[in-house]
Amino acid sequence: MKTISILIPTYNEALNIKILIDRISHCLKKIDWEIIFVDDNSPDKTSEKIENLIKTQPNIKVIKRLKERGLAGAVITGLKYCKFENIIVMDADLQHDPINIPKLIKKFEKDEATIVIASRYFQSSTTEDFHFLRKIVSKLTIKIFNIVSYKKLTDPMSGFFIIKKDFFIDLSKQLSRDGYKILADIILNGPKTITVSEISLGFKKRNAGQSKMNLRVLWDFLLIIAYSLLKKYIPRKYLSYIFVGCLGLLTHLIFLYVFYKLLLINFLLSHILATFIAILINFTLNNVLTFYSKNLTGFRWLIGLLSYNIFCSYGIFISYSITKALSDLNFYWFLAGTIGAFTASLWNFSISKFFVWKDN
Ligand code: GDD
Ligand code: MN
């Protein structure tokens, strides 16, 4: 008999769970299956709802994460609870029809591929209810992905695919826990020998609840691409931190201009105000982008912001001291400044990673 572990990340999907489980049981009569739900303590009590539903079904489990957030991280967490050799990852919102599960398994065995994707755009795939802007962004990102990966896939951003458990576990340490596009991450940043097949998926309307697609997904995509183009030499969190830093610098300059040039406030005060705004924006963006899996909320957000401020002020001091020391040694000003800023960014980043958004 065929076996399959179905790994489903959930966030606020309480209204979809029962139908989903019913449909899966209905479609998998000839297969020995299990479902592992990974829920991030959803406010709508998805995990409690699952627990109530599965009392008589030992082949369904729910893992509840209290401290972490994020789709990719949830999938990685769930991996080790899967007991079968092959894993299918899918959405809980019924956009991914379980009827495709036997098809994925069949194709996986036939092609002996590393991964088979259920694609929204493959041959007859229809994309019901797809906003036109989302469609354009989707098409464009797929094009870019194919250029960078030298592949010809129709849907590397899909959230519905089959993969071998051992392979996935081995690779998981290298994957981003903060992102959304775990499939794209696997294909682009996994071994070059990966082979990928696709089947066609009738993509459906989300049943209930809300899509979590937003700019963060785009950010995740850009990071996966940048990380791969830089040959994985620069850690991806650091990359994200630097990108956020650049945005912070831009905000700083814009606000400095507004306060100093437009509102005619004196330079020092303008500079201080702009600095605080830039730090606030940096902190907020790092909280939702760079360190999303350790996302701080409520009181922890406030404590985080305060410690971030204190540590980053020390970063300014480091940058200043190094730049000064180097220019005293007659370094060219640009080089001295760059080395100073680079050292400070390493300091700020390490402190953020290990203290503000504790990485353990
Ligand atoms: N545990 C956990 N934590 N689950 C999450 C989180 C989270 O922070 N965010 C989303 N999920 C779950 C949702 O509950 C759903 O089951 C699945 O992950 C996908 O989230 P959706 O909100 O339904 O995403 P989407 O439909 O907008 O995006 C789909 O298309 C993308 C491709 O453009 C999904 O299939 C994505 O996986 C896919 O990358
Ligand atoms: Mn969805």
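The questions and answers below concern a predicted model.

Q: Why is Asp93 called buried?
A: The term applies under 20% relative accessible area. Asp93 has 1% relative accessibility, so the residue counts as buried.

Q: How do you know whether Lys165 is buried or exposed?
A: The relative accessibility of Lys165 is 16%. Because the limit for a buried residue is under 20%, Lys165 counts as buried. Lys165 is found in helix α6 (residues 165-172). Leaving aside residues up to four places away in sequence, Lys165 touches Leu79, Cys82, Lys83, Phe84, Glu85 and Ile87.

Q: Why is the pair of Tyr241 and Phe291 called edge-to-face?
A: The structure holds 18 aromatic pairs. In the pair of Tyr241 and Phe291, the centres are 6.4 Å apart and the planes stand at 70 degrees. Tyr241 and Phe291 are both buried.

Q: What makes the pair of Phe255 and Phe259 tilted?
A: The rings of Phe255 and Phe259 are 6.0 Å apart, centre to centre, with 35 degrees between the planes. Stacked planes are under 30 degrees apart and edge-to-face planes over 60, so this pair falls among the rest and is called tilted. Both residues lie in helix α9, 4 residues apart, which is about one turn of the helix.

Q: Which residues do ring pairs link into a cluster?
A: The cluster consists of Tyr238, Tyr241, Phe283, Phe291, Trp301, Tyr308, Phe349 and Trp357.

Q: How do you know that Asp40 and Arg65 form a salt bridge?
A: The closest N and O atoms of Asp40 and Arg65 are 2.8 Å apart. The limit for a salt bridge is 4 Å, so the pair qualifies. Asp40 lies in the loop between β2 (31-39) and α2 (46-53) and Arg65 in the loop between β3 (60-64) and α3 (71-79), so the bridge ties together parts that are 25 residues apart in sequence. Asp40 has 7% relative accessibility and counts as buried, as does Arg65 at 6%. Asp40 and Arg65 also belong to a network of salt bridges with Glu68 and Arg177.

Q: Why does the pair of Lys164 and Glu85 count as a salt bridge?
A: The closest N and O atoms of Lys164 and Glu85 are 3.9 Å apart, which is within 4 Å, and the pair is therefore counted. Lys164 is in strand β6 (residues 161-164) and Glu85 in the loop between α3 and β4 (86-89), 79 residues apart. Lys164 is partly exposed at 36% relative accessibility. Glu85 is exposed, because its relative accessible area of 52% is over 50%.

Q: What makes the pair of Lys237 and Asp178 a salt bridge?
A: Their side chains meet at 2.8 Å, N to O, and the limit is 4 Å, so the term applies. Lys237 lies in helix α9 and Asp178 in the loop between α6 and α7 (182-189), so the pair ties together parts that are 59 residues apart in sequence. Asp178, at 9% relative accessibility, counts as buried.

Terms used. Residues are numbered from 1 along each chain as its sequence is written. Chains are lettered from A and ligands numbered from 1 in the order in which they are written. This is a predicted model: local features need pLDDT of at least 70, side-chain atom pairs count only at pLDDT 80 or more; totals for chains, interfaces and linings use all residues. Side-chain values use heavy atoms; hydrogens and water are left out. Buried means under 20% relative accessible area, exposed over 50%, partly exposed in between (1.4 Å probe, protein chains only). Helices (H or I, at least four residues) and strands (E, at least two) are DSSP runs, numbered from the N terminus. Contact means heavy atoms within 4.5 Å. Rings of Phe, Tyr and Trp (its six-membered ring) pair if their centres lie within 6.5 Å; planes under 30 degrees apart count as stacked, over 60 as edge-to-face and the rest as tilted.
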